[in-house]
Amino acid sequence: MMRIGVLVSGRGTNLQAIIDACEDGRVPGKVVVVISNNPDAYALTRARNHKIPAFAFSPDTPDLEEQAIQKLKEFGVDLVCLAGFMKVLSGQFLSEFPQRVMNIHPAILPAFRGLEAQRRAWERGVKIAGCTVHFVDEKVDHGPIILQAAVPVLESDTLETLTERILQEEHRIYPEAIRLFAENRLKVEEGKVKIQGAL
Ligand code: GRF
């Protein structure tokens with residue numbers, strides 16, 4: 001059973017999707033620890049509701065990364081999932097978990113990296129929005145792409161309805177990417193993820 005650590009900063013709907021997928025057997029894994037850099041994150045409550053150990057650090061903790069690494073190791077984590085974690089991780093952190101840190105981004109990368117991606121895509125007038133799960137490297141929203149989902153922009157959409165439909169797709173593809181990882185089906189070659197076997 002793969003052991004998953006999730007890093008969060010906010011409401012934690014993606015964390016919830018991952019927990020639910022583990023609990024109902026869609027993902028052969030278990031969320032064993034949740035770490036937040038925001039003590040008020042509702043994600044912490046979600047973790048505790050499922051009896052998952054959850055730790056909060058104040059965002060200005062100077063050695064936050066070191067402490068997070070220590071906790072993730074203490075809990076024997078095989079995969080680190082960023083789920084709305086609002087801090088850029090250093091190369092040092094990533095070298096502790098090589099090719100074992102994933103992130104979800106609410107845009108079709110490489111378009112609209114960074115904050116408020118849905119709003120910027122909406123304001124740009126894109127016809128296809130979406131989301132991406134990728135391995136994390138040292139650049140923001142940049143590493144090898146694992147899965148993407150397209151979300152057509154409807155004439156009737158508002159930014160809010162579009163953001164909500166993108167979020168529904170996030171909740172679908174993040175557990176799916178974790179499942180592929182757990183099944184050892186993701187191989188990174190020349191910066192690209194090759195998925196082994198039929199999807
Ligand atoms: C999601 O839109 C995710 O794509 C982005 O941050 C948001 C987190 O939402 N990285 P939640 O905390 O998972 O509800």
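Which residue follows H5, and is its phi positive or negative? I looked this up in the model, which is a predicted one. H5 is followed by Gly125, and the phi of Gly125 is positive, near 80°.

**Entry: helix H5**

I next listed the buried residues of helix H5, which spans residues 117–124. They are Ala117, Gln118 and Ala121. I then viewed H5 down its axis: the buried residues fall within an arc of 95°, so they line one face of the helix. This recalled a general point: an α-helix has 3.6 residues a turn, so residues three or four places apart point the same way. I also asked what covers these buried residues of H5. The cover includes strand E5 (101–105) and helix H6 (159–182).

**Entry: the sheet**

I traced the sheet and found seven strands in the order E3-E2-E1-E4-E5-E6-E7. The sheet is open and its pairing is mixed. At the edges I noted strand E3 (54–56) and strand E7 (145–152), each of which pairs on one side only. Direction ignored, neighbouring strands of this sheet are turned by 20° against each other on average.

**Entry: E1 and E4**

I examined the pairing of strand E1 (residues 2–8) with strand E4 (residues 79–83). The two run parallel and are joined by five bridges. Val6 stands opposite Cys81 in E4.

**Entry: helix H1**

I finally looked up where helix H1 (residues 13–23) lies, and found that H1 packs on the sheet. H1 touches E1, strand E2 (29–36), E4 and E5. The direction of H1 makes about 160° with that of E2.

Technical notes. Residues numbered from 1 in each chain as written. Predicted model: local features only at pLDDT ≥ 70, side-chain atom pairs only at ≥ 80, totals over all residues. Heavy atoms only, no water. Buried < 20%, exposed > 50% of the residue type's maximum accessible area, 1.4 Å probe, protein only. Helix = DSSP H or I, 4+ residues; strand = E, 2+ residues; numbered from the N terminus. Arc of directions from axis to C-beta. Contact = heavy atoms within 4.5 Å. Pairing = 2+ DSSP bridges. Axes fitted to C-alpha atoms, helices over the stretch in contact; angles between N-to-C directions.
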